[in-house]
Amino acid sequence: NTVVTTIMSNFGLYKAFDKAGINYEKTAVGDRYVYENMKANGFVLGGEQSGHIIFSEFSRTGDGLLTAIMLMTILTETKTPLSVLASEVTMYPQVLKNVEVDDKASTLDDAAVKAAVDAATAYLGSEGRVLLRASGTEPVLRVMSEALDEKDAQAAVDSMIDAMKEAGTLDDDTYYNTPQDVSLTVLETITLFILLNLLIQVNTSMAFFGVFFVFTFNSYNVLN
C-alpha cells in the first residue's frame, strides 16, 4: 500500500493519498532513485515527473505500449469517463523558477535563504509547500512552490528569490520561469492505466487513485 514518488510530485497527490490512507515515499528527482527505493523496500509502484512509471513486478522501467493497453482495458472495465476518474484529485497550482547562482551549495546553506524558506513554509501552512533544490545539470537552483491559490505560491517563490538577491548569491539579476501545465497529455493518458491496472491488483480500493497519480508525474518542463 505504498507508492514511490519524487520530491517534485504535486502536493495535491499527497493530499489525496493521505485522505485515502495510501502510504508514499519521496525520492530525489530521477527514475533511478525511484527504482532504487522500490527495490530496497519491495514496493511495486513508483514514478517520477518525467512520466516514467515503474512496476517492479514486471520491469525496471516503464513501457509505453503496455501502458496504452492497460489504459484502454481499465476504461472498458470501469465504464467510467476519464474525466470522472481524474476528478478525485485537486491539482495544486505550481510556480517554478530556475535561478542562476554563483555557487549552489553555498546559496542553499546561506542563513538568509534558509530563513526565507522557513518563512515561506510557515506562510503556506498545511495548504501548500515550498521546495528549493539544486539542479543536477545546470548552475541553477529550482525554486518551487505549490498552493491552493497560485498568488500565494508566486509570493512564496518571490520571497525566496528576494532573499538570494539580498544575500548576493545570484550569478546575475535574472531568472526565468518554467511554465507549469497540468493538462492531461497523450503520454499521461497512456501512463494512466498501467497505474490503475497494478493498483487494482494490489488493492481494489486504491484503483481510482491511480488516475490522479499520473498528473503528478508529468514533465512540467522540469530538468533533473
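User: What counts as a polar contact when I look at the cap of a helix?

Analyst: A polar contact is a pair of N or O atoms within 3.5 Å, one able to donate a hydrogen and the other to accept it. This is a predicted model. Here Asp110 caps the N-terminal end of α6, with a side-chain oxygen 2.9 Å from the backbone nitrogen of Ala112.

User: Okay, how many residues does α6 have, and what does it reach from its first C-alpha to its last?

Analyst: α6 runs over residues 111–124, so count 14 residues, going by the DSSP run. It reaches 20 Å, close to the 20 Å expected at 1.5 Å a residue.

User: Which residues of α6 are buried?

Analyst: First the general idea: an α-helix has 3.6 residues a turn, so residues three or four places apart point the same way. In α6 the buried ones are Val113, Ala116, Val117, Ala120 and Leu124. Seen down the axis, they fall within an arc of 100°, so they line one face of the helix. They pack against α5, β6, β7 and α7.

User: And which exposed residues sit on the face turned away from that buried side?

Analyst: Those are Ala111, Asp118 and Ala122.

User: What should I make of a positive phi?

Analyst: Most residues other than glycine have a negative phi. Just after α6, Gly125 takes a positive phi of about 60°. Lys79 also has a positive phi, about 50°, although it is not a glycine.

User: Where is Lys79 found, and is it buried or exposed?

Analyst: Look in the loop between α3 (64–78) and α4 (82–86). Lys79 is exposed there, with a relative accessible area of 70%.

Definitions and conventions
Residues are numbered from 1 along each chain as its sequence is written. This is a predicted model: local features need pLDDT of at least 70, side-chain atom pairs count only at pLDDT 80 or more; totals for chains, interfaces and linings use all residues. Side-chain values use heavy atoms; hydrogens and water are left out. Helices (H or I, at least four residues) and strands (E, at least two) are DSSP runs, numbered from the N terminus. The expected span of a helix is 1.5 Å times one less than its number of residues. Buried means under 20% relative accessible area, exposed over 50%, partly exposed in between (1.4 Å probe, protein chains only). The arc is that of the directions from the helix axis to the C-beta atoms. Contact means heavy atoms within 4.5 Å.
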